[in-house]
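User: I have a structure to study and would like to go through it step by step. Could we begin with the inside of the protein?
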Amino acid sequence: MERFGGLFEQLRSLTAIPATSGFEQGIARRLLDEMRPLADRVEVDAFGNVYGTIEGTAGTPRVMIPAHSDSVGMIVSHIEETGYLRFDVVGSVPANLVYAQRVLVLTKAGPRTGVVGSKPGHIAFRDQALGTTVPPVDDMFIDVGASSADDARRMGIEPGQQVTWDRELAWLGDPTAGLVTGRSLDDKVGCLVMLEAMRLLRQAGERCAATVIFVAAVQEEVGLRGATQAANRLRPDLCIGIDATVSQAGFGSGLGAHPSTTFSEAANSLGAGPGLSVMDRGASVPFGLFGHPALIALCREAAERGKIPYQIEGSMPIITSDAAAVQFAGAGVPSLTLKIPSRYTHGPIEVCSLKDVAATAELLAAALRAIGPTTRFDFIEA
């Protein structure tokens, strides 16, 4: 429980920083500060990617470890004359995860609390259509208590400001189980894994042979943009990405009845360790990733040597991540993603296991230590 408590506080501090895609300045500052004592060199590029480099020895691979610093959210698009705010979603956020939620509008004067307006329960309860459907985002509005557009502007609100759910990290059920719930766990759990792996490498007392560049990449949720730029800059030899993935929740088999998610749709479980992703593909980007077989073998062997729990994510046809962009850098980069199981993704009540966070950090550190000057990552033996 003591280990969980420390991870909980670290994760709470990361998720408390609003970081909708395109608005990662706050989380970039925080991660830069966190990486300083853990890396030989830290820097931020003009795009917002944060790099923490741990130098290895000459002649060994350069390994890029991306985890994205951004999260899905919303953005103010227009202020109506009545003072209500129109908004758009940033990233893959369905309308049902926005409707009737309390939100924060981030202004220069500080956060302003608002609510996404809903049909009154007294009315919707008596009309089956109203009570069982959600309007499209284009029909929704945010109520910040303003009586006019000028009133909203006096609050410091203007188009182009980020909006996020008003949710803090909390334990789910009994804290000893290690489950947490809140906004933006995708991919603050990945950022936490990066920091924990860096600490583990420092505590080991001996350097990895490989040079490892940890990258908190921006704008993953809108097209893997930060990782694409970072990979072109670094031209790494290998890539092991860290991200949340979709996991089973609820009941049923086959295609799960709403709102359940079955193992047929998301074949991994909370608390069973990170998933080694064999195949994924994105819903909003035109590509995905087949995990490189040599990297899968490396991580699998490291997990079994260290008795670290893991699972095989055979196919995830609805989600990909930064490593899918890194694979195209230069002449091509053998890549793999370690996936952290997560329920109820891209909404205000995401759920993850701190057991999986700890196991992912341990597996990542063990795999990096196993890379030496003679380690081969050929696709086939020549």
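User: How many residues does the largest nonpolar core have, and which of them have the most contacts inside it?
Analyst: This is a predicted model. Its largest nonpolar core has 66 residues. Those with the most contacts inside this core are Ile-65, Phe-214, Leu-338, Leu-364 and Leu-368.

User: Which element gives the largest share of this core?
Analyst: Helix H10 does, with 11 residues.

User: What does Leu-368 touch, leaving aside its neighbours within four places in sequence?
Analyst: Leu-368 is in contact with Val-63, Ile-65, Leu-201, Cys-208, Val-212 and Phe-214. Of these, Ile-65 and Phe-214 were named above among the residues with the most contacts inside the core.

User: Which residues does the second, separate core include?
Analyst: That core has 23 residues, including Leu-85, Phe-87, Met-140 and Ala-152. As general background, nonpolar side chains tend to be buried together in soluble globular proteins.

User: Now the sheets. What is the strand order in the open sheet of three strands?
Analyst: The order is E10-E11-E19, and the pairing is antiparallel. Strands E10 (170–171) and E19 (350–353) are the edge strands, since each pairs on one side only.

User: How many bridges join E11 to E19?
Analyst: Four bridges join strand E11, residues 179–182, to E19. Within this pair, Thr-181 stands opposite Val-351.

User: Which helices pack on that sheet?
Analyst: Helix H6, residues 185–203, touches E11 and E19, and its direction makes about 25° with that of E19. Helix H10, residues 354–369, touches E10, E11 and E19, and its direction makes about 55° with that of E19.

User: Where is Ser-184, and what is its phi?
Analyst: Ser-184 lies in the loop between E11 and H6. Its phi is near 60°, a positive value in a residue other than glycine.

User: Is Ser-184 buried or exposed?
Analyst: Its relative accessibility is 9%, so Ser-184 counts as buried, the cut-off for buried being under 20%.

User: And which residues does the cis peptide bond join?
Analyst: The cis bond joins Asp-186 and Asp-187, with omega about 10°. Asp-187 lies in helix H6.

User: What about Tyr-344: where is it found?
Analyst: Tyr-344 is found in the loop between strand E18 (335–342) and E19. Although Tyr-344 is not a glycine, it has a positive phi of about 60°. At 42% relative accessibility, this tyrosine counts as partly exposed.

User: Changing topic, how many disulfides does the structure hold?
Analyst: The structure holds zero disulfides. Cys-239 is in none, and the nearest cysteine sulfur, that of Cys-299, is 11 Å away.

User: One last item: which residues of helix H2 are buried?
Analyst: In H2, which covers residues 25–35, they are Ile-27, Ala-28, Leu-31, Leu-32, Glu-34 and Met-35.

User: Why do they line one face of the helix?
Analyst: Seen down the axis of H2, the buried residues fall within an arc of 165°, and therefore they line one face.

How values were computed. Residues are numbered from 1 along each chain as its sequence is written. This is a predicted model: local features need pLDDT of at least 70, side-chain atom pairs count only at pLDDT 80 or more; totals for chains, interfaces and linings use all residues. Side-chain values use heavy atoms; hydrogens and water are left out. Two strands pair if DSSP finds at least two bridges between them. Helices (H or I, at least four residues) and strands (E, at least two) are DSSP runs, numbered from the N terminus. Contact means heavy atoms within 4.5 Å. Axes are lines fitted to C-alpha atoms, for helices over the stretch in contact, and angles run from 0 to 180 degrees between N-to-C directions. Buried means under 20% relative accessible area, exposed over 50%, partly exposed in between (1.4 Å probe, protein chains only). The arc is that of the directions from the helix axis to the C-beta atoms. A disulfide is a pair of cysteine sulfur atoms within 2.5 Å. A nonpolar core is a set of buried Ala, Val, Leu, Ile, Met, Phe, Trp, Tyr and Cys residues joined through side-chain atoms within 4.5 Å.
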